[in-house]
Amino acid sequence: MTLPLEKTLYTAHTHTVGGRHEGSAKSDDGQLEVAFSTPGSGKPGTNPEQMFAAGWSACFIGALGFAAQSLNVRLPKDTSVDAAVTLGTTKEGQYQLAAKLTVNLPGIDEATKQKMVEIAHQTCPYSRATRGDIEVEVAAA
């Protein structure tokens, strides 16, 4: 079920030309300017999967902060998320993504780590947006 926005917190605006094959994207505020290239081409630039992985992992760390606060624990300064976003095809020949997030919470006990990861995966907008649409594995390291 899609929930409508009640309050807008921020809207990102980008302009993209050329797509993943030697294209580029730029934000309207000039904070982001990126070149795209096909994975494995050896050409300069990133690809949409890397951008998605970076965005999701950054957002997930924010959700971990919310989880830490709700559990009355301090989020470690060196918290990190390693994101792997895979582009593949289904047996029907359709392009499909899969993802794995490995969460690193140094100094947090295993039970608390697991609870934090569960809360973050329920509250992170990227996790919620992909739920039921792609294979996602989330684990504490």
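Domain 1 and domain 2 bury about 460 Å² between them, and carbon and sulfur atoms account for 60% of that area. On the domain 1 side, R20, F36 and T46 supply 81% of the area buried against domain 2, more than any other three residues. Please keep in mind that this is a predicted model. The points below begin with the two domains, then turn to the chain as a whole and to a few residues worth a look.

- The domain assignment places residues 13-46 in domain 1 and residues 48-140 in domain 2.
- Between the C-alpha centres of domain 1 and domain 2 there is a distance of 24 Å.
- Contact between the domains involves 5 residues of domain 1 and 5 residues of domain 2.
- There is 1 salt bridge between domain 1 and domain 2, and you can find a salt bridge between the side chains of R20 and E49, with N and O 2.5 Å apart.
- Polar contacts link 2 residue pairs between domain 1 and domain 2, with both residues of each pair at pLDDT 80 or more.
- On the side of domain 1 that touches domain 2, the residues divide into 3 nonpolar, 1 polar and 1 charged.

**The chain as a whole**

- The chain contains 3 helices and 6 strands, and reading along the sequence gives the pattern β-β-β-α-β-β-α-α-β.
- Taken along the principal axes, the box filled by the C-alpha atoms is roughly 45 × 40 × 35 Å.
- Of the 141 residues in the chain, 28% are buried.
- If you take the contacts between residues at least 6 apart in sequence, 46% of them join residues at least 24 apart.

- A54 counts as partly exposed because its relative accessibility is 44%, between the 20% and 50% cut-offs.
- S57 is buried, since its relative accessible area of 12% is under 20%.
- Leaving aside neighbours within four places in sequence, S57 is in contact with V81 and A83.

- As background, most residues other than glycine have a negative phi.
- E22 is not a glycine, yet its phi is positive, at about 65 degrees.
- You will find E22 in the loop between β1 (14-17) and β2 (24-27).
- With a relative accessible area of 55%, which is over 50%, E22 is exposed.
- N72 is likewise not a glycine and has a positive phi, of about 60 degrees.
- The place of N72 in the chain is the loop between α1 and β4 (80-89).
- N72 is exposed as well, because its relative accessible area is 72%, over the 50% cut-off.

Note on methods
Residues numbered from 1 in each chain as written. Predicted model: local features only at pLDDT ≥ 70, side-chain atom pairs only at ≥ 80, totals over all residues. Heavy atoms only, no water. Domains from an automatic or database assignment. Contact = heavy atoms within 4.5 Å. Buried area = accessible area lost by both parts, 1.4 Å probe. Salt bridge = Lys/Arg side-chain N within 4 Å of Asp/Glu carboxyl O. Polar contact = N/O pair within 3.5 Å; in protein donor to acceptor, adjacent residues only side chain to side chain. Nonpolar A, V, L, I, M, F, W, Y, C, P; charged D, E, K, R; others polar. Buried < 20%, exposed > 50% of the residue type's maximum accessible area, 1.4 Å probe, protein only. Helix = DSSP H or I, 4+ residues; strand = E, 2+ residues; numbered from the N terminus.
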